[in-house]
Amino acid sequence: MKTTSMNKSSRWLAPLMITATVLAGCASGNSAPAANGQPEATPAADTQEITFAAYSNYEKPLTEAIKAFEEQNPGIKVKLDLAPFDQLVETIEIKLGAKSKDVDALFVDSPLVVNYSVKGYLAPLDELIDKEATQKWTPSAVDSVTYNSQLVAAPMNSSSQVLYYNKELFEKNGIPFPDENQRLTWEEVLELAKKLTGDHVYGFSFEQISKAYQLLALSDSLGVKMISEDGLTATGYSNSPEAVQAFRFYGDLFNKHQVSPKIKKEESLDYFTSGKVAMYLATNQNMPKIRDSGIDFGVTLHPYFADKQIATPTGAWNLGVSQFSEKKEAAAKLVEFLTLGEGARIIFEVGGTLPPQVELLNAINTDPKYEAFPDSILRIAAKESLETAVSRPMTPGYLEWESNINKAFDDIKNGTEPQKALDQAVSIIDNQLKKYKDVAAK
Amino acid sequence: MERKKMLGPLLLFLLPPLAGLFLFKLYPIGNGIVQSLYTTSFLSGDKSFVGLQNYMTLFQDPVFWDSLKVTLLFNVIINPLQIILAFVLALLLNTRIRRIAWFRSIHFVPVAISVPTACMLWNIMLSPEQGVVNSILTALGLPEQPFFGSSAQALGSIIAIASWKGVGYWALFLLAGLQEVPASLMEASSLDGAGRWRQLIHIVYPLMKRSLTFVVVSVTTANFLLFSPMYILTKGGPENSTNVLMLESFNSAFLYSDLGRSSAIVVILLMLTLLAVAAQFKWLKASH
């Protein structure tokens with residue numbers, strides 16, 4: 001009896017054991033390199049790995065800066081988690097909204113500083129980085145990262161815009177080049193664009209198509225306030241007659257005059273560098289990419305509406321440390337390196353970004369290197385960011401405001417009547433802003 | 001005695017699927033219903049019970065009603081369309097014509113492509129600027145179309161892409177059902193003088209009800225919950241014309257930090273789906 005039951009069980013055991021062996025074989029496959037005498041690449045006990053959620057546009061400067069950082073700090077390894085703009089904002093929202101520990105350092109868009117602070121995403125940096133830090137950045141940069149008199153992020157770069165143009169296309173149409181120091185009006189830009197459009201070429205394109213960062217320069221030029229003083233009402237502001245007028249101009253570029261291609265933000269740079277767009281209004285940090293593409297280009301100042309205000313976009317990326325990180329000190333070290341230390345210089349030099357550091361700004365204004373084109377673009381940007389820049393609206397609900405207003409801009413691009421698109425957006429925004437009422441009261 | 005003996009192994013076999021069902025279906029549903037009765041405070045992150053408040057707010061919100069309309073419109077069109085196309089495709093795959101084996105492999109290609117890849121491909125092809133579809137239209141002397149750029153065409157374009165991708169898959173199940181229809185029955189009926197159409201109505205259709213029910217119910221639930229094409233291609237626009245409830249729920253949770261609203265939308269969506277599926281069961285069982 002016993003033998004049969006033994007037989008029975010061994011009959012069952014055999015396939016089980018085979019399966020187990022196979023599985024074990026698979027599992028050991030991972031550690032195979034250890035067998036050939038090479039030590040496994042497991043990090044040393046005192047090495048920390050921090051995750052850095054960053055915007056993919058900065059891949060090149062960040063990779064170089066992080067390499068330098070890791071050389072200086074052998075105990076810290078940085079995992080660079082890159083994503084395009086929309087996905088980055090969303091990833092941060094999902095991960096930090098769930099109090100996830102797998103983000104240590106992150107990119108913080110200036111208008112989101114308040115929003116993130118209200119939600120408790122950002123660890124105050126006062127104790128974590130150099131006490132003198134705030135002296136080394138411009139006062140406006142420090143202002144934008146201060147919440148409740150605490151430093152909640154560190155400014156990495158600022159930005160401004162210039163109007164790039166393709167010299168070859170201007171020559172082909174017999175149009176003289178715009179003067180580098182003479183600001184065109186939007187009306188003049190439109191007239192030029194009409195002349196340049198044709199034969200698979202569009203006269204003009206924004207870089208950040210349908211994005212508030214860039215389009216607010218239109219409403220700012222008409223003196224529009226997009227949101228109420230307390231930051232909680234958009235109705236009557238974002239859909240005011242002047243706002244409608246400003247964004248009708250935007251829609252007309254695509255629909256009435258058809259001088260701008262209906263493409264996405266991500267495609268715009270390629271359209272300019274491949275000669276499909278003649279004038280390209282874009283941030284200063286596009287210069288290295290445009291220069292490297294080999295096209296013959298020039299620049300002029302950001303346009304404005306005739307007889308109205310001169311207003312240029314500005315915006316900055318800041319770096320923050322997550323409140324939920326378990327490696328705050330290592331993360332702060334990285335943030336400090338990228339915003340104050342050698343990393344700041346690398347980002348400035350490789351990325352062509354406008355620095356918020358006083359020392360680097362002074363260099364731009366005094367170093368003769370920045371007198372010659374195309375490096376002179378940085379000097380223009382520095383000047384504009386001091387003299388004509390208008391910040392984006394201040395509201396704790398900036399995320400809600402921006403995502404809905406961007407949708408409205410895209411609808412206007414696609415031909416929706418501006419009044420209708422903006423009315424629809426403000427009603428949704430105001431509904432979403434209600435929840436910040438008690439926050440703002442505090 | 002026999003039965004009792006069977007119970008142990010039976011439970012053992014049923015345990016994994018039951019555990020999966022509970023863990024991945026019933027628990028999240030229950031959790032969603034509970035969440036929809038709470039609201040999360042912004043500052044402290046504390047949850048507070050608000051009863052049906054989330055639902056009341058939803059019912060007063062025009063965005064919700066618009067989104068509901070879009071969801072219903074989307075499903076009223078896409079579900080019958082996909083089922084009919086899948087059925088026709090299955091009939092075609094079941095015919096004995098030359099090289100049908102080739103076609104059987106080719107028709108499955110869209111199914112094997114992931115949704116995001118398919119969306120990106122179609123986005124490039126349907127681009128209003130130099131997209132290949134518009135180039136073809138121009139070559140044929142037809143006007144260019146805006147596709148995703150127009151509120152009149154965006155939902156239709158998404159329906160087309162989702163069907164292009166989905167029909168081949170559902171057709172497989174219907175093909176299996178078709179092949180179960182006994183050839184002898186078809187032969188006998190044709191000897192009795194039944195034409196193809198009458199065979200289809202009186203023999204094939206009743207015999208296929210089981211696989212048809214499965215496909216109808218699966219298609220419906222899949223499409224009620226579908227939102228990745230809208231998320232990738234249109235973000236709900238233009239003019240909210242593709243803002244289905246599932247996308248609105250996603251945005252509520254991850255953009256507006258409003259988990260209560262998001263859960264309430266999901267619960268309503270669940271009710272809608274259940275209602276639709278119950279009606280389908282009734283319809284497909286009635287004449288049986």
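**Figure 1. Contact of helices α3(B) and α11(B) in the predicted model.** In this predicted model, B:N75, B:I78, B:N79, B:Q82, B:I83 and B:A86 of α3(B) meet B:V215, B:V216, B:V219, B:T220, B:N223 and B:F224 of α11(B). By class, the residues of this contact comprise seven nonpolar, five polar and no charged. Helix α3 of chain B covers residues 62–94 and helix α11 of chain B covers residues 209–224; their axes lie 10 Å apart at an angle of about 140°. An angle of over 145 degrees would count as roughly antiparallel, and α3(B) and α11(B) are therefore oblique to each other. The handedness of the crossing of α3(B) and α11(B) is right-handed.

Figure 2. Chain B holds 14 helices and two strands. The C-alpha trace of chain B extends over about 80 × 75 × 30 Å along its principal axes. Of the 288 residues in chain B, 31% are buried. Among the contacts in chain B with a separation of 6 or more, 68% are between residues 24 or more positions apart.

**Figure 3. The side of chain B that touches chain A.** Contact between the two chains involves 17 residues of chain B and 22 residues of chain A. On the chain B side, these residues are nine nonpolar, four polar and four charged.

Figure 4. Helix α19 of chain A, residues 418–433, contains A:Q432. Is A:Q432 buried or exposed? A residue is buried if 20 or more other C-beta atoms lie within 10 Å of its own; A:Q432 has 23 C-beta neighbours inside 10 Å and therefore counts as buried. The C-alpha atoms of A:Q432 and A:L232 are 9.3 Å apart, although 200 residues separate A:Q432 from A:L232 in sequence.

**Figure 5. Packing of helices α11(A) and α19(A).** From α11(A), the residues A:A243, A:V244, A:F247, A:R248 and A:G251 meet A:P418, A:Q419 and A:L422 of α19(A). Five nonpolar, two polar and one charged residues make up the contact of α11(A) with α19(A). The axes of α11(A) and α19(A) are 9 Å apart, and the helices pack at an angle of about 120°. This angle makes α11(A) oblique to α19(A). The crossing of α11(A) with α19(A) is right-handed.

**Figure 6. Packing of helices α10(A) and α11(A).** Helix α10 of chain A, residues 212–221, packs with α11(A) at an angle of about 125°, and their axes are 8 Å apart. At that angle α10(A) is oblique to α11(A). The crossing of α10(A) and α11(A) is right-handed. Contributed by α10(A) are A:L215, A:L218 and A:S219, which meet A:E242, A:A243, A:A246, A:F247, A:F249 and A:Y250 of α11(A). The classes represented in the contact of α10(A) with α11(A) are seven nonpolar, one polar and one charged.

**Figure 7. The largest nonpolar core and the contacts of A:L338.** Nonpolar side chains tend to be buried together in soluble globular proteins. The largest nonpolar core of the model has 124 residues, of which A:A105, A:Y164, A:F247, A:L319, A:L334, A:V335 and A:L338 touch the most other members. Helix α11 of chain A, residues 241–254, gives the most to this core, namely eight residues. Another core, of 33 residues, lies apart from it and includes B:V70, B:A154, B:F227 and B:L247.

Figure 8. Chain A contains 20 helices and 13 strands. Among the 442 residues in chain A, 48% are buried. Of the contacts in chain A between residues at least 6 apart in sequence, 78% join residues at least 24 apart.

Definitions and conventions: Residues numbered from 1 in each chain as written. Chains lettered and ligands numbered in written order. Predicted model: local features only at pLDDT ≥ 70, side-chain atom pairs only at ≥ 80, totals over all residues. Contact = placed C-beta atoms within 7 Å. Nonpolar A, V, L, I, M, F, W, Y, C, P; charged D, E, K, R; others polar. Core = buried A, V, L, I, M, F, W, Y, C linked by C-beta atoms within 7 Å. Buried ≥ 20, exposed ≤ 12 C-beta atoms within 10 Å, placed from the backbone. Helix = DSSP H or I, 4+ residues; strand = E, 2+ residues; numbered from the N terminus. Axes fitted to C-alpha atoms, helices over the stretch in contact; angles between N-to-C directions. Parallel < 35°, antiparallel > 145°, perpendicular 65-115°, else oblique. Left-handed = near helix turned anticlockwise from the far one by under 90°.
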